[in-house]
Amino acid sequence: MWSLRMRAAKIENDAEEHISGAEGIYNFSEVERLLKKFFQRAIKHSNGMPDKVILTIEKIKEPIHEIKALTVKTIFCSSPDDAQNISREYLINLGISEKAIVTAWKVIKNHKMRGATLIDAFTGGRLEPDKKRGVRVSRIQMATKKRLQILRKIKNFTTEPERVIEAVTVASKVISFSEIIAEICVSDNPDYTTGYIASKESGYLRLLNIKNKGEHIGGRAFFVKPPVDLNKMIEFLERTPVIII
């Protein structure tokens, strides 16, 4: 099996701004076709034409772990304020502090992170070693059977089902790590206004209208329960190959 990754960015004043990405684990016979698909996705993104596209193909030599997919639920929110209040209530019920939630929203609204931020769920402090790069969840794929099950479940609730599949895949890997309590994510695509929160207790909760259409904010935060071995956690998120079943 092979890991295929795409990252696209704009560059201004020597600083990179992430605009698009894609991940997957595939048979070698699929790689050539998917390279073209990933490249087309990079150059046709609503965030505009990138200045740099990085395509990475890597043979996976270690065992691939199987992780159960989170359950999926859609919550209809009337406005960004409504969606953010609902997400706050869920997160507080999980034991996450107000300080941590405020930190997460600062990162999301700043729209500067290339990856995810790691936040101490109690103190609200940021834990990732590189505050510009963040942490990237990689080497992931959803099994075909589970993918079809989720597509059938969400077909009446979204016009972009592939986005949901990709997000559930990421969130399922993230939440499987024992010291990560929850994740919150807002897409940096200005035309996509559905965000989510994820946890072991509530599964994957899609929150409609978490931001206004055309709004250039976005990012993701993982709420971490200390003490935690940061190196072990980052190694798992970025390097351990998993199939979501």
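Strand 1 (residues 2-12) and strand 3 pair in the antiparallel sense through eight bridges. Helices (H or I, at least four residues) and strands (E, at least two) are DSSP runs, numbered from the N terminus, and two strands pair if DSSP finds at least two bridges between them. The model is predicted: local features need pLDDT of at least 70, side-chain atom pairs count only at pLDDT 80 or more, and totals for chains, interfaces and linings use all residues. Residues are numbered from 1 along each chain as its sequence is written, and side-chain values use heavy atoms, leaving out hydrogens and water.

Within strand 3, K52 is the bridge partner of A9. The open sheet concerned has three strands in the order 2-1-3, with antiparallel pairing. Its edge strands, strand 2 (15-26) and strand 3 (52-59), each pair on one side only.

A second open sheet has six strands in the order 5-10-9-8-11-6, with mixed pairing. Strand 5 (72-75) and strand 6 (117-120) are at the edges with a single partner strand each, so one side of each lacks a neighbour in the sheet. Strand 8 (residues 180-186) and strand 11 (residues 219-224) run antiparallel and are joined by six bridges; E183 stands opposite F222 in strand 11.

Axes are lines fitted to C-alpha atoms, for helices over the stretch in contact, and angles run from 0 to 180 degrees between N-to-C directions.

| Helix 1 (residues 28-43) | about 20 degrees with strand 1 |

Technical notes: Contact = heavy atoms within 4.5 Å.
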